[in-house]
Amino acid sequence: MKILAVDVGTYSIKFCVASVRKKEFQVHRVFQIPIPEPEKPLDQQMDQVASLIFNTVQEHQLMGDRLVIGIPSSMCSFRFITVPFTTQKKIEQVLSFEVEDIVPFSAAELIIDYQVVKQDKGSSELFLAMVPQVNYDNYMASFLEHHLEADVVMPDSVAYSVFCEKFIPQDAR
């Protein structure tokens, strides 16, 4: 499977083309292009940035079977919480109630994702990533307008962490 990962940073847009086959991961191409106006807030130039991404993907024939887009960590909130459950079903049932006490938004206004960090005798420590739905929708709208529909969207810092965990040997970190 060919994967195109795109990370929109403060000063540049990073592209990575890789493939995965039977647990074998191979990077084929990595490069970056500058953000046209890095001093200007990203939300004020998303249409221009998405157009630049689309044109770069077309020009360099980068599209893969999957498109992964990194959402800037600055748009997200991150928290660690502990819940008194270990099953996914129970965790997901209580997650929105747990979040209400720790962020200044209603859980209904957020997209919430989590990773189980640790589980002990009937409890789970979770790492939460949250983004207001309206911010996510605005960010992704520019991509959709340029026919860039992501299969996976994750905070850029989480994407780097997952990549390192899966593909960089422990002794090399």
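Visitor: How do you know how far apart the mean positions of the positive and negative charges of the protein chain are?

Guide: In this predicted model, Lys and Arg count as positive and Asp and Glu as negative, and on that basis the mean positions of the 15 positive and 23 negative charges of the protein chain are 11 Å apart.

Visitor: What makes up the order of elements in the protein chain, from the N terminus on?

Guide: The protein chain has four helices and eight strands, and from the N terminus on they run β-β-β-α-β-β-α-β-β-α-β-α.

Visitor: How do you know that the span of helix α2 agrees with its 13 residues?

Guide: The expected span is 1.5 Å times one less than the number of residues, so the 13 residues of α2, residues 88-100, should span 18 Å, and the end C-alpha atoms are 19 Å apart, which agrees.

Visitor: Where does α2 bend, and by how much?

Guide: The bend lies at Val94 and comes to about 40°, an angle taken between axes fitted to the seven residues ending there and the seven starting there.

Visitor: Why are some residues of α2 called buried, and which are they?

Guide: A residue is called buried because its relative accessible area is under 20%, and in α2 this holds for Ile91, Val94, Leu95 and Val99. Across the protein chain, buried residues make up 34% of the 173 residues.

Visitor: What do the buried residues of α2 pack against?

Guide: With contact meaning heavy atoms within 4.5 Å, the buried residues of α2 pack against β5 (77-83), β6 (110-120) and β7 (123-132).

Conventions:
Residues numbered from 1 in each chain as written. Predicted model: local features only at pLDDT ≥ 70, side-chain atom pairs only at ≥ 80, totals over all residues. Heavy atoms only, no water. Helix = DSSP H or I, 4+ residues; strand = E, 2+ residues; numbered from the N terminus. Buried < 20%, exposed > 50% of the residue type's maximum accessible area, 1.4 Å probe, protein only. Charge placed at Lys NZ, Arg CZ, Asp CG, Glu CD.
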